[in-house]
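Subject: Structure for you to look at

Hello,

I am passing on the structure we spoke about. Please open it first and then read the notes under it.

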Amino acid sequence: MNESEALRWRIWLELELEAVWLYPVIGARFDALHAAATAAHEEHSDLRDALVSVLADADIEPPGPLVSYEVGDLDSVEDAQDVAAGLEQRLCASIAALTGEVDGEERERVVRELRATAVRAASWGAAPQPFPGLG
Amino acid sequence: MTSRRVLLAGGIAAGAVVALGATGRLDDVVRGVGVKPRPRPVDADISLVRAVLSDQQRVLAIARGTAGAEDIAEVLEQHIAQLGGTPTTTAENGTLSAALSEAADHRAGDALAATSPDVVRVLASMAAGLDQLSATWEGA
């Protein structure tokens, strides 16, 4: 794994850590979003674990979680949906950047996660974009 | 986070790949949009992006022939324009949800087959965009 690729994986993992922190907060505050937040938390937890393994396998120290994250207002369901959609869109950007750095099965996996993340962003209310993660 | 400039560079780079078919001057075109050209076999990517354009035109035609899919068509037009094509004005019959889903799978496969990192990113992102359209349309 070269330096550029390692950086991309780390940035992706840092955002997954933020997602793992965010969704329980949303689920705890808003009953209407509890089920969706729980599902998202499980998906992001799995991804976090997978990304930690990728970096560990490359003998790279994975970043750890922060105590908390500054995500903006979470005063209403609409706020929470906006924050979640925004985080998924930032994830799309980090994953899209990595697609061009990897090959073979690794690229296949990264593209698959980009697609799933884009759909998740839309499920939280993000408007469809022609090129998610590139703008 | 990827900046809009990178989006434009990536998109235009893909368009430049198409342009190469006519000009044979990929490096000049890519330099012109601020992307540092890298040595790479481009012939396969040129053919790939041409095939992508053709398939995207088919999906756009189906969207144009589907009532209530104007917003979908607008995004599909942007795909084609970013790849250097002219969006079709033809309308065709077809099942839009299936067309979007199939196109997303095809673009993902195309991203796996592409050589240039810029083209990989653009095609992978297109697949994700088509998935968003499919999810939105099915949820409408």
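This is a predicted model: local features need pLDDT of at least 70, side-chain atom pairs count only at pLDDT 80 or more; totals for chains, interfaces and linings use all residues.

Core. The largest nonpolar core has 74 residues. Those with the most contacts inside it are A:Trp9, A:Trp12, A:Ile26 and B:Leu76. Both chains contribute: at least two residues each come from α1 (3-29), α2 (34-57), α3 (77-99) and α4 (104-123) of chain A, and from α3 (43-64), α4 (70-82), α5 (96-113) and α6 (117-139) of chain B. To see the surroundings of A:Trp12, leave aside its neighbours within four places in sequence; the residues in contact with A:Trp12 are then A:Leu47, A:Leu51, A:Leu91, A:Ser94, A:Ile95, A:Leu98, A:Val110 and A:Glu113.

Helix pair. The axes of α4(A) and α6(B) cross at roughly 35 degrees and come within 8 Å. The crossing is right-handed. On the α4(A) side, the residues that meet α6(B) include A:Val111, A:Leu114, A:Ala118 and A:Ala122. Among those they meet in α6(B) are B:Val120, B:Ala124, B:Ala128 and B:Asp131. By class, this contact has 11 nonpolar, 2 polar and 3 charged residues.

Histidine. B:His106 lies in helix α5 of chain B. Is B:His106 buried, partly exposed or exposed? Its relative accessible area is 41%, so B:His106 counts as partly exposed, a class that runs between the 20% and 50% cut-offs. B:Arg50 is 56 residues away from B:His106 along the chain, and their C-alpha atoms are separated by 13 Å.

Regards

Definitions and conventions. Residues are numbered from 1 along each chain as its sequence is written. Chains are lettered from A and ligands numbered from 1 in the order in which they are written. Side-chain values use heavy atoms; hydrogens and water are left out. A nonpolar core is a set of buried Ala, Val, Leu, Ile, Met, Phe, Trp, Tyr and Cys residues joined through side-chain atoms within 4.5 Å. Buried means under 20% relative accessible area, exposed over 50%, partly exposed in between (1.4 Å probe, protein chains only). Helices (H or I, at least four residues) and strands (E, at least two) are DSSP runs, numbered from the N terminus. Contact means heavy atoms within 4.5 Å. Axes are lines fitted to C-alpha atoms, for helices over the stretch in contact, and angles run from 0 to 180 degrees between N-to-C directions. A crossing is left-handed if the near helix is turned anticlockwise from the far one by less than a right angle, and right-handed if clockwise. Ala, Val, Leu, Ile, Met, Phe, Trp, Tyr, Cys and Pro count as nonpolar, Asp, Glu, Lys and Arg as charged, and the others, Gly among them, as polar.
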